[in-house]
Amino acid sequence: MTPSVTPNRHTLRVLLLLPPAFCSVLSSRRDTDADASQSSASPFCCVRYKMSRRYDSRTTIFSPEGRLYQVEYAMEAIGNAGTAIGILSKDGVVLVGEKKVTSKLLQTSTSTEKMYKIDDHVACAVAGIMSDANILINTARVQAQRYTFAYQEPMPVEQLVQSLCDTKQGYTQFGGLRPFGVSFLFAGWDKNFGFQLYMSDPSGNYGGWKAAAVGANNQAAQSMLKQDYKDEITREEAVELALKVLSKTMDSTSLTSDKLELAEVFVLPSGKVKYQVCSPESLSKLLVKLGMTQPAAEAS
């Protein structure tokens, strides 16, 4: 059978170095693949499949459309995680997260799963692969302590976020690495800009937000926040709005304290920044007060 592609001098040079048996195997496989492709698929489908396979296996190669497929796949992994919502108010920052309960046999964690304290003035909510998040959170904690040790003052919030995002960006540019499959909502306060809320994604991009959502159903949550958010919102109103949005976007039908985590960053009258995680008992009372769940006596 006549080959479909005329070999050039480079292919001839390679074939001369190969054993005859191996060359015959290559020839038969090439002919078989050519016949199968002509009979079962159109040329356009074959080209599209080959093009996608060429560009989605590495983070160091752009596709012809200017896309990095591995970074987009990392964002898809975050879309399967529990929702996290952050709202900036005039007297604090509120973070609310949905805990995914995969099995009734799973022992509930005594520590928080979605909220983490980075420094006395900075905290974050996580959506995505928790093992990836632990690495980045430890990196951020070390960077914050190094800055405090060197300059004897807390690290500015945006500088800390930018430093961590530089690390995330490096994992999208060098070969042999995969992007971190996690997004963060950073909440903090510093003397330069007051209360701040930042969101970052696996690509290393970050931005300041008044209200943001990451994780599952983040588009629906973002639309609700855009409609209901007000500039002069208080911390209590921000908590109510975050719980309202989460109750309408989370996959679970019932809103209970064992499926939620709530944390706040605010300033005490003494001027000290405080990071506070709401206890399950307080969260249950808050849900009953807002009419989002029934009291335990009535539910039983």
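Strand β3 is mostly covered, with four of its five residues buried (buried means under 20% relative accessible area, exposed over 50%, and partly exposed in between, with a 1.4 Å probe and protein chains only). The model is predicted: local features require pLDDT of at least 70 and side-chain atom pairs count only at pLDDT 80 or more, whereas totals for chains, interfaces and linings use all residues. Residues are numbered from 1 along each chain as its sequence is written, and side-chain values use heavy atoms, with hydrogens and water left out. Helices (H or I, at least four residues) and strands (E, at least two) are DSSP runs numbered from the N terminus.

Strand β3 belongs to an open sheet of five strands, ordered β3-β4-β5-β6-β7 with antiparallel pairing; two strands pair if DSSP finds at least two bridges between them. The edges are formed by β3 (115-119) and β7 (206-208), each of which pairs on one side only. On average, and with direction ignored, neighbouring strands of this sheet are turned by 25 degrees against each other. Four bridges connect β3 and β4 in the antiparallel sense, and a hairpin of two residues joins these strands. Within this pairing, Met 115 stands opposite Ala 125 in β4. Strand β4 (residues 122-128) is in turn joined by seven bridges to the antiparallel strand β5 (residues 182-190), where Phe 184 stands opposite Val 126.

Helix α5 (residues 130-151) lies across β3, β4 and β5 and runs at about 20 degrees to β3. Axes are lines fitted to C-alpha atoms, for helices over the stretch in contact, and angles run from 0 to 180 degrees between N-to-C directions. The axes of α5 and helix α6 (residues 157-170) come within 10 Å and cross at roughly 135 degrees. The helix α5 is therefore oblique to α6, given that angles under 35 degrees count as roughly parallel, over 145 as roughly antiparallel, 65 to 115 as roughly perpendicular and the rest as oblique. The crossing is right-handed, that is, the near helix is turned clockwise from the far one by less than a right angle, anticlockwise being left-handed. Contacts (heavy atoms within 4.5 Å) involve Leu 136, Thr 139, Ala 140, Gln 143, Ala 144 and Tyr 147 of α5 and Gln 159, Leu 160, Ser 163, Leu 164, Thr 167 and Lys 168 of α6. By class, six of these residues are nonpolar, five polar and one charged; Ala, Val, Leu, Ile, Met, Phe, Trp, Tyr, Cys and Pro count as nonpolar, Asp, Glu, Lys and Arg as charged, and the others, Gly among them, as polar.

In the loop between α5 and α6 lies Gln 152, which has a positive phi of about 60 degrees although it is not a glycine. Most residues other than glycine have a negative phi. Gln 152 is exposed, with a relative accessible area of 65%. A positive phi, near 55 degrees, also occurs at Asn 217, in the loop between β8 (211-214) and α7; at 35% relative accessibility, Asn 217 counts as partly exposed.

Helices α7 (residues 218-228) and α8 (residues 235-249) have axes that come within 10 Å and cross at roughly 145 degrees, in a right-handed crossing. The contact is made by residues including Met 224 and Leu 225 of α7 and Leu 241 and Val 245 of α8. By class, this contact has six nonpolar, one polar and three charged residues.

Val 71, in helix α4 (residues 69-78), is buried at 7% relative accessibility. Excluding residues up to four places away in sequence, Val 71 touches Thr 172, Pro 179 and Ser 203.
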